[in-house]
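Visitor: I would like to go through this model term by term. For each label, please give the value, the cut-off and the conclusion.

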Amino acid sequence: MLFEEIMESHKEKKIISLCKKLIKKCSFTSGADATNLCELAYWLYVVGDSENALKVCELTNIDIPAKINYNVWDFILFIWGLEAHIYNEKGKTADKKFRVEQMKKVWSTPKNSNDTEEKAWDFMQKILNRQTFESVCDIKEIEKNEAAGDKKSADFYRFIALYSMISYGITGFCPDLVDKEEKLNEKIREYIGCLK
């Protein structure tokens, strides 16, 4: 099993703890399990194990349900964003494009019987258009914690920020992130450097 293999090749307490939780229970209908999967995938990526990070991401390549539970799917979307990001780094353009199209399909899933795919996507585009470099990088919160000498909290915000930085950044759906792509990639590398 994948989680056992990851535990054998890693010493990081956080990664081992997440693997143990996921060995006990890993359901794609549980918000807690989706959160743990997302955290594991991102920690593996942060420590430089993009091969296992990709394997964890690929576990979530499941069918999109007719009704989306965002307590679960927000995390699956973050995982899919990381998957697309890793594909992009590996030059697997077609795989990256497919994953981003799947993300758009989730965001376009009607929320209720009065909704349509077009309305759902228009609503999501408004949210994506509001994503700015400063907001996804959570710069103010990190600076506030750094100024207070609280590196642990600053690093927590760096890690959580990576979810949006990577998953929104790879889609091409956020105009400000497209315009600041190089700056965003530098900031991703900076945060990973701080977290290692």
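Guide: Among contacts in the protein between residues at least 6 apart in sequence, 63% join residues at least 24 apart. Contact here means heavy atoms within 4.5 Å. This is a predicted model, in which local features need pLDDT of at least 70 and side-chain atom pairs count only at pLDDT 80 or more, while totals for chains, interfaces and linings use all residues. Residues are numbered from 1 along each chain as its sequence is written, and side-chain values use heavy atoms, with hydrogens and water left out.

Visitor: What makes Glu-83 buried?

Guide: Buried means under 20% relative accessible area, exposed over 50%, partly exposed in between (1.4 Å probe, protein chains only). Glu-83 has a relative accessible area of 0%, so it is buried. Glu-83 lies in helix α5, and leaving aside neighbours within four places in sequence, it is in contact with Leu-54, Cys-57, Glu-58, Asn-61 and Arg-99. Of the 196 residues of the protein, 44% count as buried.

Visitor: How do you know that Ala-41 counts as buried?

Guide: Ala-41 has 0% relative accessibility, so it counts as buried. Ala-41 is found in helix α3 (residues 31-46). Not counting residues up to four places away in sequence, Ala-41 touches Ala-53, Val-56, Cys-57 and Leu-82. Ala-41 and Glu-83 are 42 residues apart in sequence, and their C-alpha atoms are 9.0 Å apart in space.

Visitor: Why does Glu-181 count as partly exposed?

Guide: The relative accessibility of Glu-181 is 49%, so it counts as partly exposed. Glu-181 is placed in helix α12 (residues 181-195).

Visitor: What about Asp-138: buried, exposed or partly exposed?

Guide: Asp-138 is at 27% relative accessibility and therefore counts as partly exposed. Asp-138 is found in the loop between α8 (133-137) and α9 (139-147). Asp-138 has a positive phi of about 50° although it is not a glycine.

Visitor: How many aromatic pairs does the structure hold?

Guide: The structure holds twelve aromatic pairs. One of them is formed by Phe-75 and Phe-78, at 6.2 Å centre to centre and 75° between the planes. Rings of Phe, Tyr and Trp (its six-membered ring) pair if their centres lie within 6.5 Å; planes under 30 degrees apart count as stacked, over 60 as edge-to-face and the rest as tilted. The Phe-75 and Phe-78 pair is therefore edge-to-face. Phe-75 and Phe-78 are three residues apart in helix α5 (residues 70-89), so they are separated by about one helical turn.

Visitor: What makes the pair of Phe-159 and Tyr-163 edge-to-face?

Guide: Their planes are 70° apart and their centres 5.6 Å apart, which gives an edge-to-face pair. Both lie in helix α10 (residues 151-171), four residues apart, about one turn of the helix. Phe-159 and Tyr-163 are both buried. Ring pairs link Phe-159 and Tyr-163 into a cluster whose members also include Tyr-42, Trp-43 and Trp-107.

Visitor: How do you know that the charged end of Arg-158 sits over the ring of Tyr-191?

Guide: A charge sits over a ring if NZ of Lys or CZ of Arg is within 6 Å of the ring centre and within 35 degrees of the ring normal. For Arg-158 the distance to the ring centre of Tyr-191 is 5.9 Å. Arg-99 lies over the face of Trp-80, at 4.3 Å from the ring centre.

Visitor: Which residues have the most contacts inside the largest nonpolar core?

Guide: They are Leu-40, Tyr-42, Leu-162 and Met-165, in a core of 58 residues. A nonpolar core is a set of buried Ala, Val, Leu, Ile, Met, Phe, Trp, Tyr and Cys residues joined through side-chain atoms within 4.5 Å. Not counting residues up to four places away in sequence, Met-165 touches Val-136, Cys-137, Leu-184, Lys-187, Ile-188 and Tyr-191.

Terms used
Helix = DSSP H or I, 4+ residues; strand = E, 2+ residues; numbered from the N terminus.
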